[in-house]
Amino acid sequence: FVVKEPPLRITSKLRRIDAIEGEDVKFELEVSRENGVVTWFKDGVEIDPAANPDKYEIKVIGLKRVLIVKGTTLADSGQITVVAEKDKKTAVLNVEKPFQMERVPTFTLPLRDTGFFIGKTLILTVTVSVHPEPDITWTKNGEEILPGGRVKFTKDYGRYTLEILNPQAEDEGEYAVTAVNPFGKDYTSCKVSPKTRGQEAEWYVPLFRRYMVTQEVFEGKDARFECKVNGNPVPEVKWMKGDVEVTDDQRHVITFDGTTAVLEVRGVTKADLGTYTCIITNAAGSQECHADIVFDTGLPERKKKRGARRAAQAEEEIEYRKITEYEYEYDENVNEAGGGKIRKVSEEELHKLFLEVEAEEAERLKLGLSIEEWELREMQRLGLTAEQWNARKRQRLLLLSQLDMEMRMKLGLDIEGVTMVDGVASGVGIGRATQVDVHMHGPREPKFKLPLRDTNFLVGGTLTLSV
């Protein structure tokens, strides 16, 4: 008699992909047999890599089936379908143009008056918004500085540096930087002068021993930022709200005793909400840290009502399912709790979410975007309203809240002092970033956030190990 093989099945999901024009994308799934044959379609038309090798590539790796779309264009957006005998899966490919935050360039870290020692490299650094990327010109006493000899320029995603090797007395003067793009220009300058050698061997860049944290207050109440700092010489302290310096007045009380820097904002109003920066500077360099003032939402009181909170989480889960396919990453393990569905996910999936959020924050910093600019960019890319975006943030927090203490230690997360703002964590451990921000409190030993684990590989396939 003839033994028939069971019908070929697709055993994993085909996931939606959102891409930026020009990127290569890869659709992956697994089937029930290594010898199983699948067919790929785009908007109902079979994909033939042989006819268009510059656009498509299909791979078979054991049970895995892979479709690669190269150099995506807007025309590649559509429905991707894979058929395996009587089984099929469908997903969406959405290709968008690169996001452009077109505006006048702005120096987010301007030049400041500084000194140098004869013979010791002089370094001047600025950071500037990079959308679109500006042309940068350095000048000394009004004359352009050109690279070569003792002069070296470097740039890295909005950070521009001038280095003068073996500086001499004649390098004293007024240095300036001009940033120009099609929408306008910005300018910053400083005075640079030689310093007398003395106690410089004991000088060091100022450091934050304790960072300020986001202040969550009711309207009309006072907010208080406090930083612990040290440095030699004792640093000067400057406070900023956005790009505007905060000065001491009736509503803003600024104090500094050499180690503790404090800014009090009295009678907080809507105009006081936003991001504040503390900048500490001495002859050896400067550092800065950031935190926000936000209105208290009364969330701690709601948290005491455990049943109501769980019901709200269930409603958020349902709303979240309406607005994004993101949660399909975590669909596998659902249990009932508090009258609604609250997902419980594996350690590996939580690791994946954490690293995904951390990668988003790295990209935000690389692009030089503020939190507000990043959120606007992501809302436009995903096609979400503000309400839907906030629901997405709350959902991610609900997932990350499942981290137990052991996992937090593995990931290097410090979640002490976390507060909640509109359902989104803020404070020391999770906050200022779009979803998760990890603050390292000073130097410490390296720690693997995602360690190696025992794994298998298919002969002939690619073996990948990541930490």
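Analyst: Strands, labelled E, are DSSP runs of at least two residues, and the numbering starts at the N terminus. The model is predicted.

Start with the sheet. Its strand order is E2-E6-E5, and the pairing is antiparallel. The sheet is open. Strand E2 covers 25-30 and strand E5 covers 56-61. Both stand at the edges with a single partner strand each, so one side of each has no neighbour in the sheet. On average, neighbouring strands are turned by 15° against each other, direction ignored. E2 pairs with strand E6, residues 64-69, in the antiparallel sense. That pairing runs over six bridges. Val25 stands opposite Val69 in E6.

Next, helix H4. This helix spans residues 371-382, twelve residues in total. From its first C-alpha to its last it reaches 16 Å, close to the 16 Å expected at 1.5 Å a residue. Its buried residues are Ile371, Glu373, Trp374, Glu375, Arg377, Glu378 and Met379. Just after H4 comes Gly383, with a positive phi of about 70°.

Last, the surface. Phe448, Leu452, Phe457, Val459, Leu463, Leu465 and Val467 make a nonpolar patch of about 830 Å². Val467 lies in the segment after strand E30, which covers 424-427. The cut-off for exposed is over 50% relative accessible area. Val467 has 61% relative accessibility, so this residue counts as exposed.

Technical notes:
Residues numbered from 1 in each chain as written. Predicted model: local features only at pLDDT ≥ 70, side-chain atom pairs only at ≥ 80, totals over all residues. Heavy atoms only, no water. Patch = residues over 30% accessible without salt bridge, like charges linked within 9 Å, V, L, I, M, F, W, Y side chains within 5 Å. Areas by Shrake-Rupley, 256 points an atom, 1.4 Å probe, with all protein chains shown as cover. Salt bridge = Lys/Arg side-chain N within 4 Å of Asp/Glu carboxyl O. Helix = DSSP H or I, 4+ residues; strand = E, 2+ residues; numbered from the N terminus. Buried < 20%, exposed > 50% of the residue type's maximum accessible area, 1.4 Å probe, protein only. Expected span 1.5 Å × (residues − 1). Pairing = 2+ DSSP bridges. Axes fitted to C-alpha atoms, helices over the stretch in contact; angles between N-to-C directions.
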